[in-house]
Amino acid sequence: MGRRIQVVENIMGANERLAAGNRQMLDAAGVVGLNLMASPGAGKTSLIEHTIRRLGQQVRLAVVDGDIATSIDADRAAAAGAQAIQINTGGECHLDAVMLQAALGQLDLNDLDLLIVENVGNLICPANFALGTHKSVLIASIPEGDDKPYKYPGMYRGVDALVINKIDLLPYIAFDMDYFRRGVAALNPGLATFPLSCRTGEGVEDWLDWVLAQLKHKVRLSPGG
Ligand code: MG
Ligand code: ZN
C-alpha cells in the first residue's frame, strides 16, 4: 500500500514541477492563463465564444482546447476569432501540465495577453492536476442540478471563480439557488460568482469584467508593465 501511495505522489510531484514551468513561461510573456473546468455540456465552449467575440478587439487571446477525441471545440474557438490549439488527450479525462506545455510550445506567447484553457468535461480529476494557469474557473449549469457542490466538493473548493450558466432555464427546472449557493459558500466562502446565460447574454457582462480585472491585476504585477 505504501508503495502505491509513493507512485501517486511522484506523479503528482512531477506534474506540479511542470505546472510551475508553465507558469514561468506565461509570466515571462505577461500572459494571464485561465483554466476552465466543468461537466460536459455546461457551456465552456459557449462562454469562450462570448469571451472571444466581446474581448477579441482589445485583448490578444488564444484558446487551448482539451478534448478526448474531437476538435469541435477548438474549431468553434477559431471560428469566433481566436488562435486555437487542440489537445487530444487520447482518452484521458483531464488535462495535465505536460499537455499544456506542449500546447504552449505552439503559441507565440509574446503576442498574447490571455490564454483560456478549456479542460476536459469532468468534475473530478481536472481539479487535481495543476496546469500552471493563474486562475481556475468552474462553470456550473442549471440543468446539472443544485446538489453538485455537495457531490463534487473538491472541484468547488479549489476554484477562483464560478459561472452559473443557463439561468434562462430556471423557470423550467427545479433548481434551488439558495441551496446551491449555501453549498458553495461552505466550501469556498466569498467565491466570485457569475450567474449568466450564454444563450440570452444576460449576466455575461459581469463575467467579462472579471476577466478584464484579472488582466489589469497582471499588468500591475509585471515588471515595467
Ligand atoms: Mg466544450
Ligand atoms: Zn482524469
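Tutor: Start at the N-terminal end of helix α4, which Asp96 caps: one of its side-chain oxygens lies 3.3 Å from the backbone nitrogen of Val98. A polar contact is a pair of N or O atoms within 3.5 Å; within protein, one must be able to donate a hydrogen and the other to accept it, and residues adjacent in sequence count only if both atoms are side-chain atoms. The model is predicted, so local features need pLDDT of at least 70 and side-chain atom pairs 80 or more, while totals for chains, interfaces and linings use all residues. Residues are numbered from 1 along each chain as its sequence is written, chains are lettered from A and ligands numbered from 1 in the order in which they are written, and side-chain values use heavy atoms, without hydrogens or water.

Helix α4 covers residues 97-104, and its buried residues are Ala97, Met99, Leu100, Ala103 and Leu104. Buried means under 20% relative accessible area, exposed over 50%, and partly exposed in between (1.4 Å probe, protein chains only). Helices (H or I, at least four residues) and strands (E, at least two) are DSSP runs, numbered from the N terminus. An α-helix has 3.6 residues a turn, so residues three or four places apart point the same way.

Next comes the zinc ion (ligand 2), coordinated by Cys93 (SG), His94 (ND1) and Cys125 (SG) at 2.0 to 2.2 Å. Cys93 belongs to the loop between β3 (83-88) and α4, and Cys125 to the loop between β4 (114-118) and β5, so the pair ties together parts 32 residues apart in sequence. Donors are N, O and S atoms within 2.8 Å of the metal (3.2 Å for Na, K and Ca); water is not among the atoms, so sites may look incomplete. Cys93 is partly exposed at 31% relative accessible area, whereas Cys125, at 15%, counts as buried. With a disulfide defined as a pair of cysteine sulfur atoms within 2.5 Å, the count is zero.

Strand β5 pairs in the parallel sense with β1 (residues 32-38) over five bridges. Two strands pair if DSSP finds at least two bridges between them.
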